[in-house]
Amino acid sequence: MTLPTPPALRLPGLRSVPARAALFRVGGAALLSLLPVLASAAETAANSHASAPHLDGGSLSALWVIPFAGILLSIALFPLLAPAVWHHHFGKISAAWALAFLVPFAAVFGMDLALYELAHTVLLEYIPFIVLLTALFTVAGGVRITGTLVGTPAANTLGLGIGTVLASFMGTTGASMLLIRPMLRANEKRHHKTHTMVFFIFLVSNIGGALTPLGDPPLFLGFLKGVEFFWPTVHLFAPTALLVACLLALYFVIDLVLYRRDPGRTIEADDIEEREPIRMEGKVNLLLLAAVVGAVLLSGVWHPGVTVTVYHVPVALESIVSQALLIGIALLSLRLTSGKSRMMNGFTWGPILEVAKLFAAIFLTIIPAIAILRAGTDGALGAVIEAVNRDGQPVPAAYFWATGILSSFLDNAPTYLIFFNTAGGDAAHLMNDLAVTLAAISASAVFMGANTYIGNAPNFMVKAIAEERGVRMPSFFGYMLWSFGILVPLFGVVTLLFFL
């Protein structure tokens, strides 16, 4: 879906240094002015939260999941059956599905609970999600690789390997946004590019993030729950290395075959005389990417115990400060990066706008699905929870597939937490006595985000950026043919070797 960039989002005035400086000063002052307000609101937070409405997932039928299924089917089918309608009205269609959940929910359970669930989702989930993505999108979009980039099989495989390693240290989203444009530029003269983007999603946007809590949100939640920082590095290294080795080898073979057939191969690897040296513009954004990682870590290690309550929803001060820092970093990136460099980098706001609209509907319609799962065996999906244990003991292989299948379509972070708690919820016990079970939960939450476009946030962003640059990406179900044909058999091997 190639989206036109709305004029208001192009921020043409930011090409002027004084204008950008003024915007940055105003934004910074506004963020700083929030801090006294946050401190003064702390006293009323606990009492308000205690009186918050409660959604009992055990009382919900599976029918409440219909709007969520509707938005997923819309994403899958509209681009195939009515591409023009989807291209111009996907935001309205997303809003319609969100209302299809909120209006009946308010009618059945009352406006108070509906407003609470809306506020809870927007303040604690959607806003942090979209602020982080926007910061990474903005900062990484300021890094431009110049010179002759040649998309040979060896160079492409090396690029995917580097991105996979980076993903565990700067996050799958950060690595994806940093490397997607250089990868597209390197292959712009190639006729066959779709497979490269698919493997990019497999490796850089998902599997590469399995080795540290910085790599993917589920592991970061585990870190906050007491899982040691390097526990995933030690216990997930072997399955991650196996998957990465197999996928890189398979990609190299596929790319080599297609490269030799490619009519667009006009720059050969041995044409050294015609190459321009590779340089990097916007290097300051690499420091800002590190600052983004620091801002995210801050929310996990600093807990002042201060909250601001909005309609019974307590928003922790560390979360507010982290998001304020991320917004400031994004503004700083816009101020310090040349507008011409961004334009030459193909940077537009279209992809992040698309993600913001679609995931707003996904985050809202997913509320009943997550509530049902949190109800455990008392919920409509209780059979899923019961299936992962046998005689009171967890079955690692069952945890691997149950967590992974749900992470492919639901948010993998709460899915991780659900099965983390189903397995006992005690980090010390899970890291030692049930280490294989925790490894199964952790690995599948990260790995199987690659099964669908919506399994992990960078998947859809990579798709949107690639399509904006003219790459014909697979449809929703077309992509699943790739993932089910390549990844699922490999996940079966991983199950046999590590989780049985």
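Residues are numbered from 1 along each chain as its sequence is written, and side-chain values use heavy atoms, with hydrogens and water left out. In this predicted model, local features need pLDDT of at least 70 and side-chain atom pairs count only at pLDDT 80 or more, while totals for chains, interfaces and linings use all residues.

Student: How are helix 5 and helix 13 oriented to each other?
Tutor: Helices are DSSP runs of H or I with at least four residues, numbered from the N terminus. The axes of helix 5 (residues 111–140) and helix 13 (residues 317–336) cross at roughly 25° and come within 9 Å; axes are lines fitted to C-alpha atoms over the stretch in contact, and angles run from 0 to 180 degrees between N-to-C directions. Angles under 35 degrees count as roughly parallel and over 145 as roughly antiparallel. Helix 5 and helix 13 are therefore roughly parallel.

Student: How many charged residues does the contact of helix 5 with helix 13 have?
Tutor: Contact means heavy atoms within 4.5 Å, and among the residues that make it are Ile127 and Pro128 of helix 5 and Gln323 and Leu326 of helix 13. Ala, Val, Leu, Ile, Met, Phe, Trp, Tyr, Cys and Pro count as nonpolar, Asp, Glu, Lys and Arg as charged, and the others, Gly among them, as polar. The contact of helix 5 with helix 13 has eleven nonpolar residues, three polar and no charged.

Student: Is the crossing of helix 18 and helix 23 left-handed or right-handed?
Tutor: Helix 18 (residues 396–409) packs on helix 23 (residues 476–499) at about 155°, with the axes 10 Å apart. That makes the two helices roughly antiparallel. A crossing is left-handed if the near helix is turned anticlockwise from the far one by less than a right angle, and right-handed if clockwise. The crossing of helix 18 and helix 23 is right-handed.

Student: How much space lies in the largest cavity?
Tutor: On a 1 Å grid over the protein atoms alone, a cavity is a set of points where a 1.4 Å probe fits but cannot get out, and lining residues have an atom within 4 Å of a point. Points are joined across faces, edges and corners, and a volume is the space filled by probe spheres set on them. The lining includes Phe223, Trp231 and Leu438. The largest cavity holds about 50 Å³.

Conventions: Parallel < 35°, antiparallel > 145°, perpendicular 65-115°, else oblique. 1 Å grid on protein atoms, 1.4 Å probe; cavity = no way out; pocket = protein on both sides within 12 Å on 5 of 7 lines; lining within 4 Å.
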